[in-house]
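Subject: Structure handover

Hi,

Here is the structure I promised to pass on.

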Amino acid sequence: MSESVPASGSSEPEPIRIADEDLDDLVSALTRTMAEVRQHGVILDRLGSEADDETGSGSTGPDPVAGDEPGSAPPLFILAMGGAEYAAELAELSFWVTHILLPVYGREIGSTRPWCAKWHEHPEAVARLHALWLAWQQLTAAEAGQSGPSTWHRDHLDHAIAQLRAPDGPFAACATSPSRPAHRVLSTPDQLGLAA
C-alpha cells in the first residue's frame, strides 16, 4: 500500500482522522473552551463599558471603591461594587442562579429548607451566592483540572447552600410570611461607608 503524497505546490492538507473513542474527550474540551471564551467576552464587554464610563462626560474621577491609582483593578466581590457595575454583576449572577444553580441544586422548598424568590434583595444571600459563583467560575474552568468541580461541590456549594437554606438562615422569615423581612435592595459601598 502506498501513501499518497501531496503534489508539490499543493496547499491542501490531508484530512485529520480522530478515533471514535477520542471524540467525547474532544467535544468536552471544546465545550469547556467555548464556555471560557464566552466568559472572557463578558469580561471584555464589561471592561470596555467601564472604560467608556471613565472617559465619558459623566466621569467624576477615579472610583474610590476600585482604588485611587490609575490601572488599579476593579473590585471583584459584589459587595464592594456600586452603581452600574453592581447592577451588571447582579444581572450575571441572577442568570447563573436561575439557569444553572437552581435547576440542578434547588431542592424542594419547605420550612426546613427555605428559599426566597427575591434572594437578590437579601444582602447575605447576594454575598454568599456571588462568592459561590466566583468559585464556580474558577473551579469549572479547564485550568482547575478534573477534580475542580468536585472541589467546588465539597468546599463551596455544600456549605453555602446549607447556610442559605438553613431554618434560621436569611430566608427563614420569608418561608413563614412573604412580607418579612422587608425586602430591600442592597446598599451601595457609599451607603455602607466603605467608600474612601
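Let me begin with a helix pair. Keep in mind that this is a predicted model. Helix 3 and helix 4 pack with their axes 9 Å apart, at an angle of about 175°. That is over the 145 degrees needed, so helix 3 runs roughly antiparallel to helix 4. If you want to trace the contact yourself, the helix 3 side consists of Ala125, Arg128, Leu129, Leu132, Ala135, Trp136 and Leu139. On the helix 4 side they meet Gly148, Pro149, Thr151, Trp152, His156, Leu157, His159, Ala160, Gln163 and Leu164.

Next, the core. The largest nonpolar core has 26 residues, and those with the most contacts inside it are Trp96, Trp119, Leu129 and Trp152. Helix 2 (83-105), helix 3 (123-139) and helix 4 (148-164) are the elements that give two or more residues to this core. Which of them gives the largest share? That would be helix 3, with 8 residues.

Setting aside neighbours within four places in sequence, tryptophan 152 touches Trp96, Leu101, Tyr105, Leu132, Ala135, Trp136, Leu139 and Leu157.

Now for helix 2. This helix has a kink of about 40°, centred on valine 97. Val97 is also one of the buried residues of helix 2, along with Glu85, Tyr86, Glu89, Leu90, Leu93, Trp96 and Leu101. So you will find two glutamates, Glu85 and Glu89, on that buried list.

Finally, the charged pairs. How many salt bridges does the structure hold? There are 2. One joins the side chains of glutamate 124 and arginine 128, at 2.9 Å from N to O. Those two residues are 4 apart in helix 3, so about one helical turn separates them. Both count as partly exposed, because glutamate 124 has 35% relative accessibility and arginine 128 has 26%.

Cheers

Methods. Residues are numbered from 1 along each chain as its sequence is written. This is a predicted model: local features need pLDDT of at least 70, side-chain atom pairs count only at pLDDT 80 or more; totals for chains, interfaces and linings use all residues. Side-chain values use heavy atoms; hydrogens and water are left out. A nonpolar core is a set of buried Ala, Val, Leu, Ile, Met, Phe, Trp, Tyr and Cys residues joined through side-chain atoms within 4.5 Å. Buried means under 20% relative accessible area, exposed over 50%, partly exposed in between (1.4 Å probe, protein chains only). Contact means heavy atoms within 4.5 Å. The bend at a residue is the angle between axes fitted to the seven residues ending there and the seven starting there. A salt bridge is a side-chain nitrogen of Lys or Arg within 4 Å of a carboxyl oxygen of Asp or Glu. Axes are lines fitted to C-alpha atoms, for helices over the stretch in contact, and angles run from 0 to 180 degrees between N-to-C directions. Angles under 35 degrees count as roughly parallel, over 145 as roughly antiparallel, 65 to 115 as roughly perpendicular and the rest as oblique.
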